[in-house]
Amino acid sequence: MGKNKFYHILNFGCQMNESDTEHYAAQLITLGYEQAPTIEIADVIVFNTCCVRESAEQKILGKIGEIKHLKNKNKELVLVIAGCMAQKEGKNLIKKFPYIDCVIGTHYVNSFLEIIQAFLENRKKLILLEQNADAKTEFSGISARKSSFAAWIPIMYGCNNFCTYCIVPHVRGRERSRSFAEIEQEIKEAVAKGFKEFTLLGQNVNSYGKEFPGEDNFAKLLEIVDAIPGVERIRYMTSHPRDMNEAVIKTIANSKHICDHFHLPLQAGSDKILKRMNRGYTAAEYLKLVELVRHYVPQATLTTDLIVGFPGETEADFQATLDTVKAAGYDAAYTFLYSRRSGTPASEYSEQVPLPVKKERFNKLLAMQNEICLAKNEAYVGKVVEVLCEGSSKTDATVLTGRTTGNKIVLWPKIKENIAIGDLIQVKITQAQTWLLKGEQIC
Ligand code: SAH
Ligand code: SF4
Ligand code: F3S
């Protein structure tokens with residue numbers, strides 16, 4: 001019998017990257033590799049990279065540097081840099097780190113098996129960066145999902161929006177959707193394996209199926225998934241506020257399994273900044289959309305993404321963000337300092353906001369949002385919520401953790417031995433914190 005072969009994948013970035021990582025893993029497993037218990041013994045190391053902000057890139061560059069000693073020790077080790085930063089930086093990465101073997105862009109996720117095989121045959125460095133509209137969207141068939149109950153389901157790739165700050169459309173290419181049938185098939189197979197929660201992934205899910213006949217294809221897809229027997233919960237991300245419409249909201253309201261959670265990235269509350277960002281909505285239009293959501297799904301939780309310090313943002317513009325955030329009433333907000341991405345229009349804008357000003361505004365926004373989060377969570381105290389159990393808490397084996405349909409994290413003491421991951425549990429909330437709820441299981 002030959003020696004076992006091991007792989008190790010380091011993942012950075014968004015849920016789409018986490019999903020891609022599972023597909024890289026699946027293809028390595030098909031080739032006979034096993035997940036390495038430690039990175040030191042891996043025969044293939046894959047960095048699945050992100051470049052959405054400079055901080056992500058710096059972290060990745062540092063980690064690639066740390067791998068050098070492993071390459072020195074094991075000349076056979078294959079080092080692959082894949083994903084968004086690979087797409088953006090291409091051969092610059094090999095210039096910086098000559099021990100990299102393959103740099104693979106974002107359009108080769110489902111051709112990875114062939115790429116590794118080709119490399120192993122002649123060990124010639126590979127740089128594959130073509131953004132090919134015909135890139136394979138079908139999967140290798142076997143799944144290497146990290147979770148045992150929640151499955152990522154990519155429904156579309158790429159982004160056509162070109163928000164002026166964002167590198168994603170440059171590195172992920174143009175929008176392309178998987179077919180209804182392929183998505184349905186993948187979900188049915190995952191249900192048969194015991195998966196209960198499905199997150200439909202795309203940079204802009206509301207654009208799903210724009211290239212197909214008919215309208216409202218994202219709403220149609222939601223209906224199809226909602227009707228698949230065994231699907232317990234459906235999530236999706238990310239939806240663009242400009243494209244989120246009444247048809248989709250109504251579908252969600254009328255569905256059995258689509259979660260009561262809307263993630264609607266606002267980015268900024270000033271109309272001037274929103275225009276310069278090319279977001280395609282005003283703050284007033286955004287708040288109207290929130291009203292529509294609250295009308296059809298009153299119990300829905302609402303979360304957002306915000307960027308602080310976009311070029312040209314004045315104190316008054318920042319105040320408009322604070323005002324809009326307050327008016328929207330978010331359950332949670334992911335707040336980022338604007339990061340200059342070369343190749344994007346905003347990186348050329350002259351009025352870049354100095355870092356100390358960005359940081360000050362960031363802290364102010366965070367403090368305000370944290371207060372809102374806490375108040376939102378306090379409103380749950382005394383209520384009973386349904387939680388999908390995700391297992392024991394990381395820090396305490398006697399405590400279980402899970403999420404509500406609104407994506408709130410809930411912790412509760414384990415009182416029964418026979419609770420399985422993926423079970424739906426009724427929990428009475430007794431305590432609220434900014435980021436989580438605590439409670440007791442109702443028997
Ligand atoms: N397609 C998704 C996710 C994009 S990236 C969407 O449109 O929502 C996730 C978040 O990163 C964005 O919503 C934005 O808030 C943030 N982001 C993107 N580019 C950024 C940049 N250059 N600087 C800071 N934050 C950025
Ligand atoms: Fe980036 Fe905008 Fe596309 Fe989201 S919608 S990925 S923020 S360009
Ligand atoms: Fe990062 Fe690429 Fe996702 S840049 S946020 S990993 S699409």
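How far is an oxygen atom of ligand 1 from an N or O atom in the side chain of Gln-267? In this predicted model, the distance is 2.7 Å. Two further polar pairs can be picked out. The side chain of Arg-53 places an N or O atom 3.0 Å from an oxygen atom of ligand 1, while at Gln-203 a polar backbone atom lies 2.8 Å from a nitrogen atom of the ligand. On its own, ligand 1 would expose 530 Å², and the protein buries 89% of that area.

Helix H8 can be followed separately. Helix H8 runs from residue 180 to 192 and has 13 residues. From first C-alpha to last, H8 reaches 18 Å, close to the 18 Å expected at 1.5 Å a residue.

Which residues of H8 are buried? They are Ile-183, Glu-186, Ile-187, Ala-190 and Val-191. Viewed down the axis of H8, these buried residues fall within an arc of 140°, so they line one face of the helix. Ala-181 and Ala-192, on the other side of H8, are exposed.

The cover over the buried residues of H8 includes strand S7 (150-154), strand S10 (197-201) and helix H9 (217-226). Just after H8 comes Gly-194, which takes a positive phi of about 100°.

Definitions and conventions:
Residues are numbered from 1 along each chain as its sequence is written. Chains are lettered from A and ligands numbered from 1 in the order in which they are written. This is a predicted model: local features need pLDDT of at least 70, side-chain atom pairs count only at pLDDT 80 or more; totals for chains, interfaces and linings use all residues. Side-chain values use heavy atoms; hydrogens and water are left out. Helices (H or I, at least four residues) and strands (E, at least two) are DSSP runs, numbered from the N terminus. The expected span of a helix is 1.5 Å times one less than its number of residues. Buried means under 20% relative accessible area, exposed over 50%, partly exposed in between (1.4 Å probe, protein chains only). The arc is that of the directions from the helix axis to the C-beta atoms. Contact means heavy atoms within 4.5 Å. A polar contact is a pair of N or O atoms within 3.5 Å; within protein, one must be able to donate a hydrogen and the other to accept it, and residues adjacent in sequence count only if both atoms are side-chain atoms. Accessible areas come from the Shrake-Rupley method with a 1.4 Å probe; for residues, only the protein chains shown count as cover.
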